[in-house]
Every structure is written in C-alpha cells, then in structure tokens.
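Morning, everyone. Please look at the model on the screen, and I'll walk you through a few parts of it.

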Amino acid sequence: MSRRGFLQAGAGLLLAAGLPSSQVRADSNEYRIVAAQARSRLAGPDRPETGVWAYDGTVPGRLVRLRQGEPARLVVENRLDEDTTVHWHGIRLPNAMDGVPGLTQPPIRSGESFVYEFTPPDAGTFWYHPHANSLEQLGRGLAGAVIVEERDLVAVDRDLLWLLADWRLRETGEIASGFSNRMEAAMSGRIGNTVTLNGEVSETEPVRAGERVRLRLVNGSLARIMALRFEEHNPVVVAIDGQPCDPHEPEAGRILLGPAMRVDVVLDMQGEAGRRYGVVDDFYDGLSYQLTELAYEEAPPLRSHPLDAPFVLPRNPLPDPDPAATERHDLTLQGGMMGGGMMAGMGGMNGGGMMQGMMGTAGGPAWAINGMSMTGDGHADMKPALTFQRGRSVALILRNQTAWWHPMHLHGHSMRVLSRNGEPVPHRQWQDTVLMAPKDVVEVAFVADNPGDWMLHCHVMDHQMSGMMTVLRVA
C-alpha cells in the first residue's frame with residue numbers, strides 16, 4: 001500500500017470507530033476577523049476579568065483553518081483606536097500580504113479594513129498576530145492560530161492545539177502597563193507572571209488511555225522561552241514551525257519553544273486511567289511551574305498497545321538549497337545589557353553607524369545586526385542589509401555575540417537549519433524562527449525564491465522594537 005493510502009486507511013479506521021476528533025475539515029478558506037477591545041477571564045473562573053485586545057472577542061482569536069494549495073481570503077477589520085496590521089507568521093505568501101506597515105502594506109487605520117489574499121503552499125501549524133505596535137498589541141492579546149490542513153487526513157485519534165502565552169497581570173486582573181521598559185528591552189524582554197493555555201490558566205487537560213494525539217504547540221508569548229516536560233510520557237517531534245521533520249524524541253525530553261515557535265508532537269497516551277500527569281515548564285533555573293496536567297478519564301483504554309504505525313507527515317514543497325552554488329553571508333547579533341551595565345558587542349561602533357535606520361526611540365537602540373539598528377515595527381525607508389537574486393541558494397551564518405537568547409524569525413521563507421556551533425543539526429529541521437542561545441553560531445540555508453523585502457528580526461518583541469531587526473531583499 002502506498003504511504004498516502006496507508007494514512008487514508010488509518011484515518012478512516014480511526015474515524016469509523018467513533019473516536020473524539022478535532023480533525024474538523026475547513027469548510028471555507030474565507031474569514032472575517034475583527035480586532036477590538038474585549039474582556040476575558042485569563043487567570044481562572046474565580047479571578048477578575050481582564051481588559052484585552054482580541055480578534056473576534058476571544059483570546060486567543062478564532063482558529064483559522066485553511067486548505068493547503070487553495071486560495072484564502074481573510075478580511076481584517078480594525079476597531080481599535082490605533083493602527084494595526086496582521087502578519088501570517090510562517091506562511092510563505094506574497095510580499096504584499098506579509099503585514100509589515102510601510103514595508104509591505106499601509107497600516108490598517110482605525111475603522112478601516114484590509115483584505116489578505118494568498119494561497120498557502122505548506123500544510124502545518126502557523127499563527128497570526130499584529131506587526132504594528134507589536135509589543136503592546138500582542139501583549140494585550142491579539143494572537144490566533146492558523147492550521148493549514150494536509151490534503152489527506154492524518155491517522156491520529158485527536159488533533160489538539162495549545163496556544164501558550166504569558167501575561168503580566170495586576171492583582172485587579174488588569175494587564176500591567178509599562179510595555180516600553182528600557183531596562184527590560186536590553187535584557188530578556190517582558191516576561192509575564194501568568195501563563196495561559198488557549199486563553200486561560202489550565203489545571204487539567206482531559207485525555208483517554210490508549211489514544212494517539214497530535215499536539216500542536218504554539219508559543220505566543222512576548223519573550224518567555226519554554227521547555228516543556230511531559231511526566232512519564234514520551235512525545236515525538238514530527239514538525240517544527242509547521243514543517244515536517246524526521247520524527248524524533250526531544251533532547252533531554254524537553255520541548256524547547258522560543259517565542260513564535262511551533263512544535264507538533266505525537267503523544268501516545270499510555271498512562272493509567274484516572275491518573276494525572278504533570279506538564280512542567282522548567283526553562284528558567286529555579287522558576288519551574290506546572291503548566292497543566294494530563295487528566296486521564298476513568299474509561300477503559302482505547303487500545304491496549306500503542307499504534308505501531310509510524311507517524312510521518314508528508315513533506316511540504318520546499319525547494320532544497322544547492323550546496324554547490326550557495327552564497328554565504330554573516331549576520332552578527334549585537335547589543336543588550338551585560339554585567340556592569342555595558343552594551344555587549346557594541347563597543348566598537350560609532351554613533352553614526354548605530355543611528356542608521358533609526359526611528360528615534362527614546363534613549364536610542366539597545367540591539368543591532370551587523371552594527372545597524374532598525375527599531376519599531378517596520379517603515380517605508382528600511383534599506384535592505386542584503387540583496388539576493390531570485391532563485392539563488394543562500395546560507396546565513398547567524399552569530400549571537402550577546403548574553404541573551406534570541407528567536408530569529410525570517411518572513412516569507414523557511415530555513416533549513418544546517419549546523420549549531422559547528423555540529424550538524426539532525427532530523428532535517430526547517431524553521432522560520434531559530435532560537436539562538438548566548439554565543440551560539442547557527443548556519444541556516446534556503447532558496448531565495450519569494451521576491452520582495454522581508455524582515456529578519458528577533459521575536460522577543462522588546463528586542464525587535466529596540467533595534468534587532470533588518471531587511472533581506474529578494475530581487
């Protein structure tokens with residue numbers, strides 16, 4: 001039997017068994033999404049409501065389900081009191097649909113709408129968020145997930161989405177102000193004190209013994225990095241940033257999620273009926289916490305043994321870079337606060353070089369790429385740092401000279417991660433957001449096949465807004 005036939009047959013058996021399934025097929029590739037103020041009970045049913053900015057009145061915004069290879073039309077209406085845009089994070093779409101104000105489109109003014117039209121070439125897990133006043137708009141709740149469905153159903157019992165985010169809440173339940181804290185911007189960014197799963201603090205997530213779950217993890221935080229452990233379970237990573245990879249268990253059993261990253265895992269629920277198993281985030285030393293618990297129903301197991309069928313997602317139509325004809329470029333990440341209050345990696349820059357591309361933030365930029373700082377969300381005069389001819393294979397050597405972590409996101413493309421600190425990266429990993437530890441050197445490669453001016457920036461939103469952003473042009 002062909003692989004496609006196997007997947008179809010497996011999915012048919014699962015669905016015929018009457019199992020609970022989240023595999024609801026998209027009935028339309030057309031959506032109307034409204035950005036406006038709303039109220040949400042983020043911290044739990046017994047806690048005060050929080051004033052948020054939301055898509056269609058919910059946090060996170062409505063799940064957008066699209067079909068791979070079919071045209072989509074998404075009308076975004078702005079009912080906020082300020083400009084906004086929407087960036088369809090990770091989707092390889094035309095430049096004019098990328099949602100960067102000034103660079104790719106005019107901002108959506110208050111009371112106005114914008115129509116986004118594109119055909120998603122890749123199936124996978126993506127998300128959408130603003131690219132105007134990004135730090136505050138995302139930090140107040142404007143985010144939602146996008147699932148682009150595979151052409152054929154995938155053989156799992158359930159397809160679950162966890163959109164994770166953190167919030168800085170006051171005792172009153174309201175979101176704390178101070179989104180442009182200069183000190184935070186020069187360090188790790190704005191970390192919240194409350195973490196939500198699909199818009200609320202989660203105590204338990206119900207599961208059934210014996211079922212196989214595809215779990216789509218999305219980190220929608222401004223700055224929080226997560227490292228998730230599933231107590232007494234063995235998640236298998238099957239896709240990163242929407243792109244299928246070779247199935248593998250995560251290093252040291254922890255699923256590492258930088259801001260804006262997505263990881264799809266398969267979980268065979270082999271726990272005991274009636275028991276609970278913790279899901280713990282222990283990325284920050286001494287600050288681990290329980291995100292939720294997998295709460296097993298009392299029902300008998302769905303099956304006595306895990307499915308022995310391998311779980312391999314169909315590849316997306318990504319062009320492979322040609323190693324023999326690859327042009328190589330270095331991009332060095334600089335800046336940030338270090339011990340003694342110095343800006344790391346900026347000591348040798350003159351004032352004129354630092355100020356090119358500036359938008360005039362108070363106190364000047366905190367970060368740079370190759371000595372150049374671009375601040376804010378994007379604007380019409382952003383000159384490209386590098387220009388590639390369309391169709392060329394490109395390798396970028398990203399050097400983190402700072403003392404801080406940076407999830408580096410490239411718009412409009414997905415990058416094959418080749419090596420990290422001189423060691424080859426296994427499992428055929430393609431990413432649009434590459435998490436870099438302090439002093440990391442990471443080599444990525446891609447075919448520059450999507451014409452336009454594309455942002456490359458850190459997705460710790462404080463870092464982007466205070467200078468860690470540049471533009472790559474595909475001519």
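Start with strands 18 and 19. Strand 18 covers residues 276-281, strand 19 covers residues 289-296, and six bridges join them. The two run antiparallel. Strands here are DSSP E runs of at least two residues, and helices are H or I runs of at least four, numbered from the N terminus. Two strands count as paired if DSSP finds at least two bridges between them.

A quick word on the source. This is a predicted model: local features need pLDDT of at least 70, side-chain atom pairs count only at pLDDT 80 or more, and totals for chains, interfaces and linings use all residues. Residues are numbered from 1 along each chain as its sequence is written, and side-chain values use heavy atoms, leaving out hydrogens and water.

Five strands form an open sheet, in the order 11-19-18-13-16, with mixed pairing. Its edge strands are strand 11 (205-207) and strand 16 (255-257), each pairing on one side only.

Next, Thr50. It lies in strand 2, residues 50-55. Is Thr50 buried or exposed? Thr50 is buried, because its relative accessible area is 0%; buried means under 20%, exposed over 50%, partly exposed in between, with a 1.4 Å probe and protein chains only. Among the residues Thr50 touches are Ala38, Leu42, Leu169 and Ile175, leaving aside those up to four places away in sequence. Contact means heavy atoms within 4.5 Å.

Last, the whole chain. The protein chain has five helices and 31 strands. Of its 475 residues, 59% count as buried.
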